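Colleague: Before I rely on the labels attached to this model, I would like to go through them one by one and hear what stands behind each.

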Amino acid sequence: METALDMTAGARILMVDDDPGIRDVVSDFLGKHGYRVETAADAQEMQAALQRGSADLVILDVMLPGEDGLAICRRLSTAEGGPPIIMLSAMGEDTDRIVGLELGADDYLAKPCNPRELLARVRAVLRRAEQRPASDAIAAGCEFAGWRLDLVRRELRSPQGVVVNLSSGEFSLLRAFVERPQRVLTRDQLLEYARGPDSDAFDRAIDVQISRLRRKLDDGGGGDLIRTIRNEGYMFSAKVKRL
């Protein structure tokens, strides 16, 4: 097993290219390496895909019908919480690459590219994205579906204002979810993100911790906030607002 893949496998990648042949080759190759790949032929299809769920990474062609890739890159990179972007272009000149990077792309590859090189770039960009300190993104706390989580006081309040007691493991798990909402997280990823002083106990009982946390959220009117994604892991379904 390739250890470099472990923590990025399962990521949702959106491939935007108007060439169906390239879309098929890239999606098949990345799919065989554990990624969930969705494709789009233009900006309109890309937006529809993003409305169905957030992407962990966008692979974006420069030359697209309608809104071109550079304009899309500028728009995505300036949006709050926008996904990392790898740009692909038949224009491999340094000036084109520099423009793409200056507009917010995380990496840039000239077409045609070797699928294995693209895979390596995908892994590297996803690892860098995960290494960004999520605690800075949600420094004080957050709100979701009427709930309020105070990360400083380590306090969870229900939509009715009732304080819900969480164990250390449950709090770490909920924090891992709210810092990565609307994304499928594998058990291994949740273990990595939620490790703390009691990680040994947590490691042995992740499904139990999730079951207990889900029950507490359900009792407080949380509904189906933590969804089980069959054969993949779990997803925190609510939109999260930073405080």
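Modeller: The protein chain has 11 helices and 13 strands, where helices (H or I, at least four residues) and strands (E, at least two) are DSSP runs numbered from the N terminus. This is a predicted model, in which local features need pLDDT of at least 70 and side-chain atom pairs count only at pLDDT 80 or more, whereas totals for chains, interfaces and linings use all residues. Residues are numbered from 1 along each chain as its sequence is written, and side-chain values use heavy atoms, with hydrogens and water left out.

Colleague: How do you know that the span of helix α2 agrees with what its 13 residues should give?

Modeller: The expected span is 1.5 Å times one less than the number of residues; for residues 20-32 that should be 18 Å, and because the end C-alpha atoms of α2 are 18 Å apart, the two agree.

Colleague: Which residues of α2 are called buried, and what puts them on the same side of the helix?

Modeller: Buried means under 20% relative accessible area, exposed over 50%, and partly exposed in between, with a 1.4 Å probe and protein chains only; in α2 the buried residues include R23, V26, S27, F29 and L30. They cover an arc of only 165 degrees around the axis, which puts them on the same side of α2, the arc being that of the directions from the helix axis to the C-beta atoms. An α-helix has 3.6 residues a turn, so residues three or four places apart point the same way.

Colleague: What is found at the two ends of α2?

Modeller: At its start, a side-chain oxygen of D19 reaches to within 2.8 Å of the backbone nitrogen of G21; just after α2, G34 takes a positive phi of about 95 degrees.

Colleague: What makes D68 a cap of helix α4?

Modeller: A side-chain oxygen of D68 lies 3.1 Å from the backbone nitrogen of L70, at the N-terminal end of α4. The cut-off for a polar contact is a pair of N or O atoms within 3.5 Å; within protein, one must be able to donate a hydrogen and the other to accept it, and residues adjacent in sequence count only if both atoms are side-chain atoms. In α4 (residues 69-78), the buried residues are G69, I72, C73 and L76. Seen down the axis of α4, these fall within an arc of 100 degrees, so they line one face of the helix.

Colleague: Why is I13 called buried, and which residues is it in contact with beyond its neighbours in sequence?

Modeller: I13, in strand β1 (residues 12-16), counts as buried because its relative accessibility is 0%. Leaving aside neighbours within four places in sequence, I13 is in contact (heavy atoms within 4.5 Å) with L30, Y35, R36, V37, E38, L57, I59 and V122.

Colleague: Why is R154 called partly exposed, and what about Q182?

Modeller: R154 has 47% relative accessibility and therefore counts as partly exposed, and Q182, with a relative accessible area of 30%, is partly exposed as well. R154 has its place in the loop between β7 (147-150) and β8 (155-157), and its phi is near 55 degrees, a positive value in a residue other than glycine. Q182 lies in the loop between α8 (168-178) and β10 (184-185), and phi of Q182 is also near 55 degrees.

Colleague: Where is the cis peptide bond that joins K111 and P112?

Modeller: P112 is found in the loop between β5 (107-110) and α6 (115-131), and omega of the bond from K111 is about -5 degrees.

Colleague: What makes β10 and β11 edge strands?

Modeller: Three strands form an open antiparallel sheet in the order β10-β12-β11. β10 and β11 (226-229) each have a single partner strand, so one side of each is left without a neighbour in the sheet. Two strands pair if DSSP finds at least two bridges between them, and β10 pairs with β12 (residues 233-236) over two bridges; the bridge partner of V184 is M235 in β12. Helix α8 packs on the sheet, touching β10, β11 and β12, and its direction makes about 70 degrees with that of β12; axes here are lines fitted to C-alpha atoms, for helices over the stretch in contact, and angles run from 0 to 180 degrees between N-to-C directions.
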